[in-house]
Amino acid sequence: MKFDPDFALSVIPLILSGLGATLWAAVVASICAAALGFVLEMLRRSNRVLGYVLRFVIDVIRSTPVLVQLYFIYFVLPVTGLTLPAMTSGIIGLSIYYSGYLAEVFKGGIDSVDTGQFEAGKALGLNRFDLMWYVIAPQMLRNVAAPMGNYFISALKATPYLAVISVPEMLGLALEVGSNSFRYAEPVVVVGVIFLILAVAIGQLVRVLEARLLAPFKK
Amino acid sequence: MDFTGILAGILQGFRVTALVTFYGMLWAVPFALCFGVLQYLARGPARAAVTTVIEFWRSSPVLILLFMLYYTLPSFGISLSGMTVGAMALGLNIGGYGSQAVRAALQALDRGQVEAGLALGLRRFDVLIAIELPQALVAMLPTFVNQFIQLVKGTAVVSLITLTDMTFRAKEIAELTYNPVGIYTALLVSYLMVCYPATLLGRWLESRVGIAHRGSREI
């Protein structure tokens, strides 16, 4: 079968109708992953035993494919009596996967803050939470913004995986077009082009935001 | 089927997982080295062209790259085996990330290294081979290990183009027996056995080399 440009153009509107689902999954998963990653890293630092346990948990998250983690959540949770919509399972999966990486980012960010800052905070009598939240976190932001932005883009690029657990995001819709028309080449290329445009646009957006947000911190 | 039986069944797919990883490396390493060096050395329109190629492979979601190659190439009269397509999509995607690590490591070197080499009368090419690359490659070892892990984990997607890797075996077993908890736990354990040692090696190398390549370790 030859590549049919007219057919490719005709499926664009249908595939774009999944753009909302793609972006929603990416944004919610990014926010949850950042929050969960921060909590994981804070708990990991809070006590020695918990530290070893969470170190291993983070490594397990980082050492297994996101596709397998998605299957795990999608097929195993119902066994425990918890049946979630596909989109929710997908968002949970992506959030957990990226929380492992973001915990590492926060680890690096916190380690990069001068030890004098920790000592000064303690000397002023701040408790652990206040020290972290008011003294360390704002200074850490400068160092974690760039890698965090990269992982958010990466989460966007991982959303097509949700198609395999039947979330109707863009790739899911494209594969549906494929199975109805027996023509996969055109819809898949359309998704590819849309993603390329998205990834480049959002990459630029993240870089602009980063520059804006960090301007006050630059020496 | 008990847990060990499931695990043994899944590990029958290890050979395909390992082969895709190996062929993927054959695409990724040369691509990363060539394009990383080219992007570092090229100026003007040549650099823009190199950057475009890298960004195409790096910015597209790997699952979509895989489907594009798998479904679209035949309609242009090119038919490749699933193994080749899988290795190519994964390899060039990871190679795109790798090229950024190569370029970043080259740029991080002191300018004096090149200047000293040129002042000694070495040609630019010899400076690159004898002075810059050896130092840059050591600095990017941790990144290399991390990207190798991403490649191994990425191979799970070839199960979607019917290659019989570990993930495919798990799905097969899931059709025969109802035991999602056992099957997907075993699948996680299988990948963990392969990737966890590499994760530990990566962290150890990172502490030894001690250079953070921000922006090149995403995925």
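The legends below walk through several close-up views of a predicted two-chain model.

Residue numbers start from 1 along each chain as its sequence is written, and chains are lettered from A, with ligands numbered from 1, in the order in which they are written. Because the model is predicted, local features need pLDDT of at least 70 and side-chain atom pairs count only at pLDDT 80 or more, while totals for chains, interfaces and linings use all residues.

**View 1. Chain A is built from nine helices and zero strands.**
Here helices (H or I, at least four residues) and strands (E, at least two) are DSSP runs, numbered from the N terminus. Reading along the sequence of chain A gives α-α-α-α-α-α-α-α-α. The C-alpha trace of chain A spans about 70 × 45 × 25 Å along its principal axes. Of its 219 residues, 41% count as buried; a residue is buried if 20 or more other C-beta atoms lie within 10 Å of its own, exposed if 12 or fewer, and partly exposed in between, with C-beta atoms placed from the backbone. Two residues are in contact if their C-beta atoms, placed from the backbone, lie within 7 Å. Among the contacts in chain A with a separation of 6 or more, 77% are between residues 24 or more positions apart.

**View 2. Chain B has ten helices and zero strands.**
From the N terminus on, the elements of chain B run α-α-α-α-α-α-α-α-α-α. Along the principal axes, its C-alpha atoms fill a box of roughly 70 × 45 × 25 Å. Buried residues make up 44% of the 219 residues in chain B. Residues 24 or more positions apart account for 81% of the chain B contacts with a separation of 6 or more.

**View 3. Chains A and B meet through 38 residues from chain A and 32 residues from chain B.**
On the chain B side, α4 (62-72), α8 (141-154) and α10 (180-209) each supply at least two residues. The largest share of that side, ten residues, comes from α10(B). By class, the side of chain B that touches chain A has 22 nonpolar, seven polar and three charged residues. For this count, Ala, Val, Leu, Ile, Met, Phe, Trp, Tyr, Cys and Pro are nonpolar, Asp, Glu, Lys and Arg are charged, and the others, Gly among them, are polar.

**View 4. Helices α5 (residues 86-111) and α7 (residues 128-158) of chain A pack with their axes 9 Å apart.**
The angle between them is about 150°, which makes α5(A) roughly antiparallel to α7(A). Axes are lines fitted to C-alpha atoms, for helices over the stretch in contact, and angles run from 0 to 180 degrees between N-to-C directions. Angles under 35 degrees count as roughly parallel, over 145 as roughly antiparallel, 65 to 115 as roughly perpendicular and the rest as oblique. α5(A) passes α7(A) in a right-handed crossing; a crossing is right-handed if the near helix is turned clockwise from the far one by less than a right angle, and left-handed if anticlockwise. The contact includes Leu94(A), Tyr98(A) and Leu102(A) of α5(A), and Met140(A), Val144(A) and Ala155(A) of α7(A). By class, the contact has 15 nonpolar, two polar and no charged residues.

**View 5. In chain B, α8(B) and α10(B) pack with their axes 8 Å apart.**
Their angle is about 165°, so α8(B) is roughly antiparallel to α10(B). This crossing is left-handed. Among the residues that meet are Val145(B), Phe148(B) and Val152(B) in α8(B), and Tyr191(B), Val194(B) and Ala198(B) in α10(B). The contact of α8(B) with α10(B) has 13 nonpolar, three polar and two charged residues.

**View 6. The largest nonpolar core has 117 residues.**
A nonpolar core is a set of buried Ala, Val, Leu, Ile, Met, Phe, Trp, Tyr and Cys residues joined through C-beta atoms within 7 Å. Residues with the most contacts inside the core include Leu102(A), Val191(A), Leu66(B) and Leu187(B). Helix α5 (residues 82-108) of chain B gives the largest share, 13 residues. Not counting residues up to four places away in sequence, Val191(A) touches Ile15(A), Met170(A), Leu171(A), Ala174(A) and Ile64(B).

**View 7. Phe182(A) and Thr162(B) each have a positive phi.**
Most residues other than glycine have a negative phi. Phi is near 60° for Phe182(A) and about 65° for Thr162(B). Phe182(A) sits in the loop between α8 (170-181) and α9 (185-214) of chain A, and Thr162(B) in the loop between α8 and α9 (166-176) of chain B. Phe182(A) is exposed, with 7 other C-beta atoms within 10 Å; Thr162(B) is exposed, with 10.
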